[in-house]
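Let's take a walk through a protein model together. Keep the viewer open and find each residue as we get to it.

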Amino acid sequence: MKFHIQTWGCQMNDHDGEKLSGLLSAEGFEAVDSAEEAELVLLNTCSIREKAVHKVYSELGRLREEKQRRPLMVGVTGCLAQQEQAALFKRAPHIDFVLGTMALKQLPRLVAEAQAGKARVMDAGEYPDNHLFPPSVTRRRDTAKALVTITEGCNHACTYCIVPTTRGAERHRPYGDVLAEVRGLVERGYREVELLGQNVNSYAGGCTFADLLERVSEVEGLEWIRFTTSHPMNFTKDLARVLVANPKVAPFLHLPLQSGSDRVLKRMLREYTVAEYLERLGYLGEGRSRMALSTDFIVGFPGETDEDFDATMRVLDEVAFDGSFSFIYSPRPGTPSLRLKDDLPMAVKSARLTRLQQRQSELTRASNERFLGREIPVRIETHGPNEQGWWLARSGEWKTIHLAAGPGRELPFGELVRARVTLASPHFLGAELV
Ligand code: SAH
Ligand code: SF4
Ligand code: F3S
């Protein structure tokens with residue numbers, strides 16, 4: 001049977017897609033590049049905002065038509081599957097099975113039941129060993145960096161967020177398992193890993209997250225470690241020290257702020273004030289100047305006033321984030337923020353988002369310009385040049401690099417090369433091979 005997995009959402013979901021792909025490959029199924037060629041299509045969904053959910057339903061609509069023309073099995077996995085469970089069958093009766101985020105290993109059984117003719121097959125149970133997925137099964141996409149789960153679930157309760165519902169409470173992988181997986185990856189040629197969790201900072205698999213970074217960094221042959229995501233209240237001095245001092249930890253920190261107003265942060269139940277957030281950034285000391293910082297913002301949270309939003313703009317400038325992701329607040333089913341009065345017109349929210357993104361784009365350009373003329377290590381992330389003749393690469397600070405190699409020159413996929421930055425745009429750095 002030929003299968004295709006379409007994934008939306010975060011790195012965790014991306015990596016779950018690699019695990020699901022491995023499970024099907026182990027059954028002798030063959031992965032194909034498009035839904036058109038596939039006999040089984042898995043929609044590995046995200047439900048963080050309404051827009052993400054719309055994308056899933058629109059793809060489901062397309063597959064309904066396709067299913068009228070030819071035999072096709074449709075499965076839904078990921079966060080929307082966990083959230084909606086059996087309700088998905090009502091909305092889209094052509095779905096053959098639904099698999100929750102905490103029951104990944106049940107996939108082959110669900111497919112077999114659906115193949116045997118059973119309708120509306122579902123498992124959205126919580127298997128306590130879901131996070132202990134065997135790395136040997138995972139079938140990785142062809143990327144330079146390997147994703148490694150260290151913790152699943154979230155114990156915070158931000159009032160706008162669906163993730164605690166869709167991913168459950170925290171479960172941590174023992175550090176020995178993490179180390180064994182990273183060693184195996186390095187043996188297979190990977191030089192960079194990204195440690196994943198809804199909140200990696202609260203890691204408790206036998207040591208702290210700071211200790212885990214130190215231990216992983218001792219794996220011989222590994223060059224860079226990245227991690228995502230961090231909750232500011234679990235960002236410790238120990239972690240900051242490792243981040244600044246350990247040369248194998250890439251000089252990049254994504255620390256979601258969400259809002260620059262204490263009033264809004266309180267209603268979001270983020271558990272910190274702006275001052276506390278800044279205090280934690282301060283843990284990085286002078287090492288901060290050598291790294292890139294990025295963050296997330298939610299704009300137009302219920303009750304956000306002009307003053308609240310101005311406060312966000314001030315913090316944006318004060319920290320001068322190298323990059324940020326910003327979104328208009330999206331009400332999610334079952335979340336506590338639904339009860340807050342949300343009477344701000346969408347036009348006002350959109351105008352705020354545009355203002356924030358424009359300012360960020362200036363800050364990112366300034367951040368990029370600081371690299372002009374510098375010689376930096378970058379990792380090659382593509383197998384060949386694109387139409388413009390650039391090889392795509394990535395710096396430790398997570399800057400996208402368009403690298404000119406010179407005509408006919410082959411660059412080693414996944415390896416570090418030295419490059420001199422010759423151009424800074426708001427979205428990428430242009431560089432040439434040294
Ligand atoms: N675990 C991560 C968050 C993952 S969600 C963390 O706490 O850092 C990624 C981002 O999506 C969040 O940081 C937030 O900015 C945004 N987000 C989450 N729920 C949202 C909602 N209901 N509306 C708009 N943006 C949201
Ligand atoms: Fe969601 Fe908050 Fe948990 Fe992040 S920390 S996943 S925003 S509840
Ligand atoms: Fe989306 Fe779930 Fe990730 S809601 S952002 S896929 S944890």
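Thr149 is buried, with a relative accessible area of 2%. (Buried means under 20% relative accessible area, exposed means over 50%, and partly exposed is in between, using a 1.4 Å probe and protein chains only.) You'll find Thr149 in strand E7, residues 145-149. Strands (E, at least two residues) and helices (H or I, at least four) are DSSP runs, numbered from the N terminus. The side chain of Thr149 joins that of Lys19 in a polar contact of 3.1 Å. A polar contact is a pair of N or O atoms within 3.5 Å; within protein, one must be able to donate a hydrogen and the other to accept it, and residues adjacent in sequence count only if both atoms are side-chain atoms.

A quick word on the ground rules. This is a predicted model, where local features need pLDDT of at least 70 and side-chain atom pairs count only at pLDDT 80 or more, while totals for chains, interfaces and linings use all residues. Residues are numbered from 1 along each chain as its sequence is written, chains are lettered from A and ligands numbered from 1 in the order in which they are written, and side-chain values use heavy atoms, with hydrogens and water left out.

**What the record says**

The unreviewed UniProt entry marks residues 1-116 as "domain: MTTase N-terminal". Over residues 1-116, the chain is 48% helix and 20% strand, and the end C-alpha atoms sit 14 Å apart. UniProt positions are given in the numbering used here, feature names are shortened, and annotations may be inferred rather than shown by experiment. Take Cys154: its place is in the loop between strand E8 (151-152) and helix H6 (163-167). At 15% relative accessibility, Cys154 counts as buried.

**Around the ligands**

Which residues are closest to ligand 1? They are Gln198, Pro256, Gln258, Asp296 and Ser330, out of 15 residues that surround ligand 1. To be counted as near, a residue needs a heavy atom within 4 Å. Strand E13 (292-299) and strand E14 (323-328) each supply at least two residues of this shell. Sorted by class, the shell around ligand 1 holds seven nonpolar, four polar and four charged residues. (Ala, Val, Leu, Ile, Met, Phe, Trp, Tyr, Cys and Pro count as nonpolar, Asp, Glu, Lys and Arg as charged, and the others, Gly among them, as polar.)

Now zoom in on some atom pairs. A polar side-chain atom of Arg49 is 3.1 Å from an oxygen atom of ligand 1. A polar backbone atom of Tyr160 lies 3.0 Å from a nitrogen atom of ligand 1, and a backbone N or O atom of Ser330 is 2.8 Å from a nitrogen atom of ligand 1. On its own, ligand 1 has 540 Å² of accessible area, and the protein covers 88% of that. Accessible areas come from the Shrake-Rupley method with a 1.4 Å probe; for residues, only the protein chains shown count as cover.

What about ligand 3? Cys10, Asn13, Cys46, Ser47, Ile48, Cys79, Arg167 and Gln198 surround ligand 3. By class, that shell has four nonpolar, three polar and one charged residues.

**Salt bridges**

A salt bridge here is a side-chain nitrogen of Lys or Arg within 4 Å of a carboxyl oxygen of Asp or Glu. How many salt bridges does this rule give? The count comes to 34. Here are some of them:

| Pair | Closest N to O |
|---|---|
| Arg352 and Asp306 | 2.9 Å |
| Arg418 and Glu375 | 3.1 Å |

Arg352 forms its salt bridge with Asp306. Arg352 lies in helix H13 (residues 346-369) and Asp306 in helix H12 (residues 306-319), so the pair ties together parts that are 46 residues apart in sequence. Is Arg352 buried or exposed? Arg352 is buried, at a relative accessible area of 6%.

Lys341, on the other hand, counts as exposed at 64% relative accessibility, and Asp343 counts as exposed at 53%.

Next comes the pair of Arg418 and Glu375. Arg418 is in strand E18 (residues 416-424) and Glu375 in strand E15 (residues 375-380), so this pair ties together parts 43 residues apart in sequence. Arg418 counts as partly exposed at 43% relative accessibility, and Glu375 is partly exposed too, at 35%. Elsewhere, salt bridges that share partners join Glu36, Glu59, Arg62, Glu66 and Arg70 into one network.
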